[in-house]
Amino acid sequence: MSKPLKQIHLAAHFPGVNNTTVWSDPAAGSHIEFDSFVHFAQTAERAKFDFLFLAEGLRLREQGGKIYDLDVVGRPDTFTVLAALAAVTDRLGLTGTINSTFNEPYEVARQFASLDHLSGGRSAWNVVTSWDAFTGENFRRGGFLPQQERYSRAKEFLATANELFDSWRGDEILADQAAGIFLKDAKAGAFVHRGQHFDIHGRFNVPRSPQGRPVVFQAGDSDEGREFAASSADAIFSRYATLKEGQDFYTDVKSRLARYGRRPEQLLILPAATFVLGDTDQEAAELAREVRRQQVSGATAIKHLEFVWNRDLSGYDPEGPLPDIDPLVSEEHISRGRAQVRMYRDPIAIAREWRQLAEANKWSIRDLVINTGNRQSFVGSPATVARTIDDFVQADASDGFILVPHITPGGLDSFADEVVPLLQEQGVFRTEYEGTTLRDHLGLAHPDAGWATPG
């Protein structure tokens with residue numbers, strides 16, 4: 001018997017604060033003005049996407065002590081944007097990245113419960129930790145936590161927030177006007193939490209929201225991150241863009257669920273994916289090459305090389321050969337606030353590998369950065385892209401994708417108009433929303449008060 005077709009989950013990542021976005025393109029618009037967010041969100045909703053996703057940047061990145069301004073710089077506050085978007089959308093989920101290192105459970109729980117009420121049950125929380133002291137300098141506690149402590153704090157942070165959400169069962173508000181009784185339970189909202197990271201007690205002042213709790217996302221790829229997702233998250237982001245890597249990640253994470261008493265369908269795996277569409281596959285490939293050259297200008301290529309070399313390379317020609325000097329290995333780094341720095345733990349080995357690649361392929365510095373960086377996940381005609389996305393999902397390399405267009409705010413339009421109808425014709429993507437909450441869209445249960453994630 002053949003396996004039934006899986007339904008594809010699609011989401012839209014409002015781009016920015018990265019070099020995926022081509023802000024210099026004439027078609028690009030503002031990353032701060034509300035009209036851009038509205039256009040992007042309403043396009044995603046028109047296409048029946050599950051949710052919109054906002055990343056987070058808590059400090060402007062620097063290179064050589066100056067603001068790194070080759071990428072989009074800055075991002076408005078997440079909760080402010082999502083609350084405003086709740087008023088101009090009806091069904092689209094609203095997902096925000098909120099840090100567990102520099103915030104407090106009561107404040108964050110109150111914000112998400114409020115967003116869930118305002119949106120009619122469409123809120124989601126991407127729980128992240130902070131990895132560097134540079135970002136920590138913006139906050140009163142400063143510094144940063146070792147990796148194990150970051151995840152320990154994150155797990156307790158989420159558990160504490162869940163206790164706050166569950167401090168209201170959902171049936172306490174009687175609002176009997178004749179009898180003059182508003183609450184039928186005087187203990188509503190009472191909570192006590194004693195733990196390693198948080199010691200709080202009091203009353204949570206937001207009644208139970210439509211979803212009970214926001215949908216929880218997690219983005220860590222380390223072993224600790226995967227385990228955290230298996231124990232506590234509803235969905236996990238993935239960075240794996242090839243079929244084999246995606247299948248390996250999918251199998252690994254899903255296999256961890258049983259030890260927490262969870263089933264495979266209780267955790268969705270959603271990689272980020274970029275795309276370039278053309279009338280034909282050949283035209284799309286040509287456009288993709290053009291986009292990559294827009295994303296990696298000569299100046300960007302030099303700055304990217306400095307991530308690894310940890311030296312000022314401004315005197316080098318981006319269209320010339322790689323530096324013949326070795327990277328400077330030091331605790332002090334020329335680039336601050338960029339996650340990519342963590343990827344290059346052995347810069348000497350990376351430099352050796354890149355020199356070999358450049359020599360073998362006759363690549364300049366810019367060519368190397370273009371070809372070793374993150375290229376578009378899906379390139380082709382609408383039919384080719386629709387087929388490839390479906391192949392990935394049916395082969396258990398993912399449960400869907402979070403799409404990251406390279407143009408804001410109109411970069412999602414072509415996908416909504418040309419690819420989504422093909423997925424709908426194949427019977428693997430909804431033609432209408434069947435529920436009202438994000439949990440409904442994702443096929444996730446609504447937790448009852450007092451429900452606890454096993455483990």
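A polar contact is taken here as a pair of N or O atoms within 3.5 Å; within protein, one atom must be able to donate a hydrogen and the other to accept it, and residues adjacent in sequence count only if both atoms are side-chain atoms. The structure is a predicted model, in which local features need pLDDT of at least 70 and side-chain atom pairs count only at pLDDT 80 or more, whereas totals for chains, interfaces and linings use all residues. Residues are numbered from 1 along each chain as its sequence is written, and side-chain values use heavy atoms, with hydrogens and water left out.

By this criterion, the side chain of T97 reaches the backbone oxygen of L54 at 2.8 Å. T97 belongs to strand β5 (residues 93-99); helices (H or I, at least four residues) and strands (E, at least two) are DSSP runs, numbered from the N terminus. With a relative accessibility of 5%, T97 counts as buried, the term denoting under 20% relative accessible area, as against over 50% for exposed and partly exposed in between (1.4 Å probe, protein chains only). Contacts, defined as heavy atoms within 4.5 Å, link T97 to F53, L54, A55, E56, T78, N126 and V128, not counting residues up to four places away in sequence.

T97 is listed by UniProt, in an unreviewed entry, under "binding site" together with Y151 and S222. UniProt positions are given in the numbering used here, with feature names shortened, and annotations may be inferred rather than shown by experiment. Y151 is located in helix α5 (residues 147-165) and, at 9% relative accessibility, is likewise classed as buried.

Strand β1 (residues 9-13) has five of its five residues buried, so the strand is largely enclosed by the rest of the structure. In a regular strand the side chains alternate between the two faces of the sheet. In β1, H9, A11 and H13 point one way, while L10 and A12 point the other way. Strands are treated as paired if DSSP finds at least two bridges between them. β1 pairs in the parallel sense with β17 (residues 400-403) over four bridges, and L10 has F401 as its bridge partner there. A parallel pairing over three bridges also joins β1 to β2 (residues 51-54), where A12 stands opposite L52.

An antiparallel arrangement is found for β7 (residues 173-176) and β8 (residues 181-183), which are joined by two bridges. I173 is partnered with L183 in β8. Four residues lie between the strands of this hairpin, in which G180 takes a positive phi near 70°.

Across the whole structure, 21 aromatic pairs are found. Rings of Phe, Tyr and Trp (its six-membered ring) pair if their centres lie within 6.5 Å; planes under 30 degrees apart count as stacked, over 60 as edge-to-face and the rest as tilted. F79 and F112 form an edge-to-face pair, at 4.8 Å centre to centre and 70° between the planes. This pair links distant parts of the chain, with F79 in helix α2 (residues 78-86) and F112 in helix α3 (residues 105-119), 33 residues apart. Both F79 and F112 are buried. The ring centres of F378 and F392 lie 5.8 Å apart with planes at 90°, so this pair is also edge-to-face.
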